[in-house]
Amino acid sequence: MATTNHSINMYPVRNVPLSRPFIWLGEGWDDLLHHRGASLAYGLLVSILGALILAYGQHPYFIAAVCVGFLLVGPIITAGLCELSRCRDQGELADFQSSLLPLKRNRSSLLGAAETLALLAFIWFALSGALYLALVGSVAPSLETTMWGDIAGQISNSQFMAYLAVGLILAAVVFALSVVTIPMIVDRHVDASTAMRMSLRVTVRDFPAMLVWAGLIATLVVIAFATSLLGMVVIFPLLGHATWRAYKELVE
């Protein structure tokens, strides 16, 4: 399906109360229950991918590789969840197989969004490597150190905080670029550039509510990892459906 490249000014943005992100989660939960099997299947896929992070969670090379992989695959998985929510709104029947249709209809836009996010991850990895090189004299700690030793013993708390800050900046940029990107591509078949610029506009125009929304997402993701990713089976589809609900309320 052909994509469209419109001025983002043609899509008005609604300002919402600070409490609305909690409502989006509630509505997302209803969507998850309505499409329980398909939604949890997506959550299981993400949980398996996230398990790779836990398996090699101490080495920057592995972290970078898995993060890039997730940022490539994540938008595609989210598109399927948004399609399930869209079908429910339209009164259409949907299952896991039919939820894959956006991959065919909006392939170029979804890949464009995924490639942009993956590029950001590469930039993060490069900056993190440069920072680590400046701090301890190597691009990354040895595999032996991270797998069997104590990487924390090589750097001070201030160095670790500086290293972490780079990742937090990346997370903030990714959030700002993806607030409504995937559901807008699924719903209006716009190109990746239009959808991502619209996400930036939504973030700026409704920053307080977006701050709450980002905090909820971060909290749920931390919970998912704290449960050894068992919680991710439910949390990821919940967030995917809630992202659709946020888009439907934020963008006219």
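Mentor: Contact means heavy atoms within 4.5 Å of one another. The model is predicted, so local features need pLDDT of at least 70 and side-chain atom pairs count only at pLDDT 80 or more, whereas totals for chains, interfaces and linings use all residues. Residues are numbered from 1 along each chain as its sequence is written, and side-chain values use heavy atoms, with hydrogens and water left out.

Trainee: How many helices are there in the protein?

Mentor: Helices (H or I, at least four residues) and strands (E, at least two) are DSSP runs, numbered from the N terminus. From that end the elements run α-α-α-α-α-α-α-α-α-α-α. The protein has zero strands, and its number of helices is 11.

Trainee: What share of contacts between residues at least 6 apart in sequence join residues at least 24 apart?

Mentor: The share refers to contacts in the protein that join residues at least 6 apart in sequence. Those that link residues at least 24 apart make up 78%.

Trainee: With which side chain does the side chain of S199 make a polar contact?

Mentor: S199 lies in helix 9 and is buried, with a relative accessible area of 0%. Leaving aside neighbours within four places in sequence, S199 is in contact with A176, L177, S178, V179, V180 and T181. A polar contact is a pair of N or O atoms within 3.5 Å; within protein, one must be able to donate a hydrogen and the other to accept it, and residues adjacent in sequence count only if both atoms are side-chain atoms. At 2.9 Å, the partner of the S199 side chain is the side chain of T181.

Trainee: What is the phi of L229?

Mentor: Most residues other than glycine have a negative phi. L229 lies in the loop between helix 10 and helix 11 and counts as buried, at 2% relative accessibility. Although L229 is not a glycine, its phi is positive, at about 75 degrees.

Methods. Buried < 20%, exposed > 50% of the residue type's maximum accessible area, 1.4 Å probe, protein only.
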